[in-house]
Amino acid sequence: MNAIICPHCKKAFKVDEAGYADILKQVRDHQFEEEITSRLALAEKEKENAIKLAEAIIKNALQEKLAEKDRQLTELKAKNDTELAQKIAQKESEIADMKSKIQNAEIEKKLALKEAVQEIEKEREQLKNDLKTKELEKQNIENSLKQQFTTELQNKDAIIKYKDDEIARVKDMKQKLSTKMLGETLEQHCEIEFNKLRPTAFQNAYFEKDNDASGGTKGDYIYRETDGQGNEIISIMFEMKNENDGTATKKKNEDFFAKLAKDRKDKNCEYAVLVSLLESENEFYNNGIVDVSYKYDKMYVIRPQFFIPIITLLRNASMNSLKYKQELNLMRNQNIDITNFEEKINTFKEGFARNYELASKKFKTAIDEIDKTMTHLQKTKDALLSSDNNLRLANQKAEDLTIKRLTHGNPTMKAKFDDLDKE
């Protein structure tokens, strides 16, 4: 039997072995329960402390990373804002410079155009005055020529007498020439007569056979003479015909007029002269120098003895009009100079307009490039704003972080926390 004292009333009572063992078991179970409860409370507290510590560590690490990201983002924003401001300022400066250059170019263009127009107007006025002067000179020349021709007409009787004398002389010479021409051709005769006087009377003259048959036909001889400045004084196409040069279809002088006129025009000669022995009994051609201009312009028919006189007469007449030819050439050249000057002005205007168009295109290209740069910078700004939004979302995710989410899919960390729960 075992005695048990009540802790409240202090009475002793006895229990058998079975009851004692049962009471002892109850006491031990109660103590075990208390110890288990105490240990579980302690383990739960340590678990909570460990979780809080892990959360604090993770939160501190995330906060440090977020702080670093904020610092980097702030630096990047500051850097990009600075670069963007610099680039925008630079582009605005370039645009301002380009606008200034274009304005200056416009001003210079207007000034240049105004000066060119003033210069042209001035020169045109001068040319108008020169033309008026030339018109007056031309009128004086015409009046002088009219007076000269009037004087020559008044001397008609003297000329007729001269022709009558020449006719008599020709008839006499014809009788004498019949023997002389047997030993030489008509062409040789004329060439010899010309060469006799070439050194003294015709030093600047050209007298050679016409060998150019590119136009289909050719004359016999071409005579040309120029002054010291290269201006042509006179040019004559000669055709020589002996009595035996006639054919069955061509026996008269007029049969050769058309070919001679064509040769004169093809070789750019001023006069055409037929030196002929045809129709020897025709008094029309035996009277001296025969003018057939009523049929063919500036054409004459002569006998051989008038070969040198026709050259001399036509040459002297051309020498009298040489001054007028020179003045006409000068006026023609002045008109050409005016045309060339106007063409140069037009060329300048076209070149200036083309350069202005190119400059405008380049200015537009520069503006387009600036727009592209600004678009690119806007995209960079949008990317930075998007990055800021992503960091904000990351911060929200970090704040929502829990032990359960941290251990999800991580068996090692889950096992550690399970061990804490078991203790």
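Two residues count as being in contact here when they have heavy atoms within 4.5 Å of each other. Keep that in mind as we walk through this structure, which is a predicted model.

Phe 257 sits in helix 4. Leaving aside residues up to four places away in sequence, Phe 257 touches Leu 274, Tyr 285, Val 292, Tyr 296, Met 299 and Val 301. Buried means under 20% relative accessible area, and Phe 257 has a value of 1%, so it is buried. Lys 295 makes a handy landmark here: it lies 38 residues from Phe 257 in sequence, yet their C-alpha atoms are 8.6 Å apart in space.

Now look at the rest of that helix. Helix 4 covers residues 257-266, and its buried residues are Phe 257, Leu 260, Ala 261, Asp 263 and Arg 264. Those residues are on the same side of helix 4 because they cover an arc of only 160 degrees around the axis. What do the buried residues of helix 4 pack against? Their partners are strand 5 (232-241), strand 6 (271-276), helix 5 (283-286) and strand 8 (299-302). After helix 4 comes Asn 268, which has a positive phi, near 55 degrees.

Three of those packing partners are strands, namely strand 5, strand 6 and strand 8, which brings us to the sheet. It is an open sheet of 6 strands, in the order 3-4-5-6-8-7, with mixed pairing. Strand 3 and strand 7 (290-291) stand at the edges; each has a single partner strand, so one side of each is left without a neighbour in the sheet.

Strand 4 and strand 5 run antiparallel and are joined by 6 bridges; here Tyr 223 has Ile 236 of strand 5 as its bridge partner. Strand 5 then pairs with strand 6 in the parallel sense, over 6 bridges, and Met 237 stands opposite Ala 272 of strand 6. Strand 6 in turn runs parallel to strand 8, with 4 bridges joining them. Finally, strand 7 and strand 8 pair in the antiparallel sense over 2 bridges, and Val 290 has Val 301 of strand 8 as its bridge partner.

Why is strand 6 largely enclosed by the rest of the structure? The reason is that 6 of its 6 residues are buried. Tyr 271, Val 273 and Val 275 point one way from the strand, and Ala 272, Leu 274 and Ser 276 point the other way. Strand 8 is covered on both faces as well: Met 299 and Val 301 are buried on one side, and Tyr 300 and Ile 302 on the other.

Next, the nonpolar packing. The largest nonpolar core has 24 residues, and those with the most contacts inside it are Tyr 223, Ile 236, Phe 238, Val 273, Val 275, Phe 307 and Ile 311. Two or more residues each come from helix 3 (186-201), strand 3 (205-209), strand 4 (221-226), strand 5, strand 6, strand 8 and helix 6 (307-399). There is also a second, separate core of 13 residues, which includes Met 237, Cys 269, Leu 274 and Met 299. Leu 274 and Met 299 were among the residues that Phe 257 touches.

Apart from residues up to four places away in sequence, Ile 236 touches Tyr 221, Ile 222, Tyr 223, Cys 269, Tyr 271, Val 273, Ile 311 and Leu 314. As for helix 3, it lies across strand 3, strand 4, strand 5 and strand 6, running at about 160 degrees to strand 3.

Zooming out, the chain has 8 helices and 8 strands. Of its 423 residues, 23% are buried. Among contacts with a separation of 6 or more, 62% involve residues 24 or more positions apart. The chain exposes about 29600 Å², with carbon and sulfur atoms supplying 54% of that area.

How values were computed: Residues are numbered from 1 along each chain as its sequence is written. This is a predicted model: local features need pLDDT of at least 70, side-chain atom pairs count only at pLDDT 80 or more; totals for chains, interfaces and linings use all residues. Side-chain values use heavy atoms; hydrogens and water are left out. Buried means under 20% relative accessible area, exposed over 50%, partly exposed in between (1.4 Å probe, protein chains only). The arc is that of the directions from the helix axis to the C-beta atoms. Accessible areas come from the Shrake-Rupley method with a 1.4 Å probe; for residues, only the protein chains shown count as cover. A nonpolar core is a set of buried Ala, Val, Leu, Ile, Met, Phe, Trp, Tyr and Cys residues joined through side-chain atoms within 4.5 Å. Two strands pair if DSSP finds at least two bridges between them. Axes are lines fitted to C-alpha atoms, for helices over the stretch in contact, and angles run from 0 to 180 degrees between N-to-C directions.
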